[in-house]
Amino acid sequence: MQVFVRVVESGSFVRAAETLAMPPSSVTSMIKSLEKHLQVRLLNRTTRSLNLTLEGEQYVARCREILSLIEDTENSLNGSMLRPQGRLKVDMPGGIAHALIYPRLRDFQARYPNIYLMIGVNDRQIDLVQEGVDCVIRAGKLSDSTLVARPLGELEWVTCASPAYLEQHGTPTSPEDLAGHRAVHHFSVNSRRASSLHFQKGDQSYTAPLEGTVAVNETTLYIRLCIDGYGLGQLARVLVADELRSGHLVEVLPDWRPGPVDFWFLHQNQRFLSPAVRAFSDWLSELFGRYAQNSA
């Protein structure tokens with residue numbers, strides 16, 4: 001089971017063999033023996049890729065739960081619950097990785113020196129089983145009910161633009177002043193901010209559909225485009241805190257801010273969480289909680 005899970009995570013017999021310090025032929029033979037024992041095909045193999053069959057997806061999920069139970073049982077006997085260890089593969093949006101996680105990464109390492117953190121950075125939704133990911137951070141409304149979700153909290157959002165853009169197009173003082181302005185558009189599978197900017201003031205709300213010349217699905221590039229004057233943008237304040245302090249970006253319409261966005265920690269529905277996943281979840285919850293208090 002451990003070898004099979006490692007092959008799925010690595011996406012390659014050769015890479016799995018390298019991480020397990022085994023000959024590739026032994027890994028291949030072991031998977032073939034496993035399929036023969038189960039009398040089902042677990043993996044579809046081509047010269048370029050490995051893909052899980054439907055039975056393989058079901059089996060790898062059960063394997064993870066069984067292996068997690070074994071690890072949990074052993075840790076409860078040797079005290080490792082207090083010293084989480086092992087490899088933890090996480091996935092998160094680029095903006096959160098750069099602005100929130102990376103600056104505090106040494107704090108996590110100091111607390112949990114035996115956890116090897118593998119950080120995947122992208123703004124798209126992924127299949128945790130297919131890509132061998134233990135947990136993810138996601139924003140907004142959740143669409144996958146098969147995952148266990150832990151709320152991390154809300155982040156305050158702001159509307160901002162570069163000084164050069166505002167000098168050329170003027171600084172709006174109300175949402176109605178946005179007529180004629182441009183926006184940098186952001187798109188994703190679950191984004192509610194595509195070609196419109198959204199504002200709230202108390203019980204009032206306002207939606208401003210704005211034209212633009214470019215749309216991206218990656219946060220770091222989105223911020224870069226705002227700094228370079230391509231238009232107005234809406235982002236979590238923590239993501240552009242340095243740019244606002246330095247003056248590379250200026251907040252616009254501070255009385256009409258976008259509504260806050262929920263952030264979540266998600267993992268597979270397993271009876272027993274590994275100590276590493278539990279430790280990372282608790283650390284994230286504390287981190288988001290501190291930020292919410294500081295921004296209040």
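This report describes the overall build of a predicted protein model and a group of its aromatic residues.

## Overall build

The protein contains eleven helices and 14 strands. Along the principal axes, its C-alpha atoms fill a box of roughly 70 × 45 × 30 Å.

Of the 296 residues, 43% count as buried. The accessible surface amounts to about 15,900 Å², and carbon and sulfur atoms contribute 51% of it.

## Aromatic pairs

A pair of aromatic rings is described by the distance of the centres and the angle of the planes. The structure holds seven aromatic pairs. One of them is formed by Phe108 and Phe280, with 5.5 Å from centre to centre and 90 degrees between the planes, an edge-to-face arrangement. Because Phe108 belongs to helix H6 (residues 105–111) and Phe280 to helix H11 (residues 275–295), this pair ties together parts that are 172 residues apart in sequence. Both Phe108 and Phe280 are buried.

Phe280 also pairs with Phe265: the ring centres are 6.2 Å apart and the planes stand at 55 degrees, so this pair is tilted. Phe265 lies in strand S14 (residues 261–268) and Phe280 in helix H11, so the parts tied together here are 15 residues apart in sequence. Phe265, like Phe280, is buried.

## Aromatic cluster

Phe108, Phe265 and Phe280 belong to one aromatic cluster, which also includes Tyr112 and Trp283.

Notes: Residues are numbered from 1 along each chain as its sequence is written. This is a predicted model: local features need pLDDT of at least 70, side-chain atom pairs count only at pLDDT 80 or more; totals for chains, interfaces and linings use all residues. Side-chain values use heavy atoms; hydrogens and water are left out. Helices (H or I, at least four residues) and strands (E, at least two) are DSSP runs, numbered from the N terminus. Buried means under 20% relative accessible area, exposed over 50%, partly exposed in between (1.4 Å probe, protein chains only). Accessible areas come from the Shrake-Rupley method with a 1.4 Å probe; for residues, only the protein chains shown count as cover. Rings of Phe, Tyr and Trp (its six-membered ring) pair if their centres lie within 6.5 Å; planes under 30 degrees apart count as stacked, over 60 as edge-to-face and the rest as tilted.
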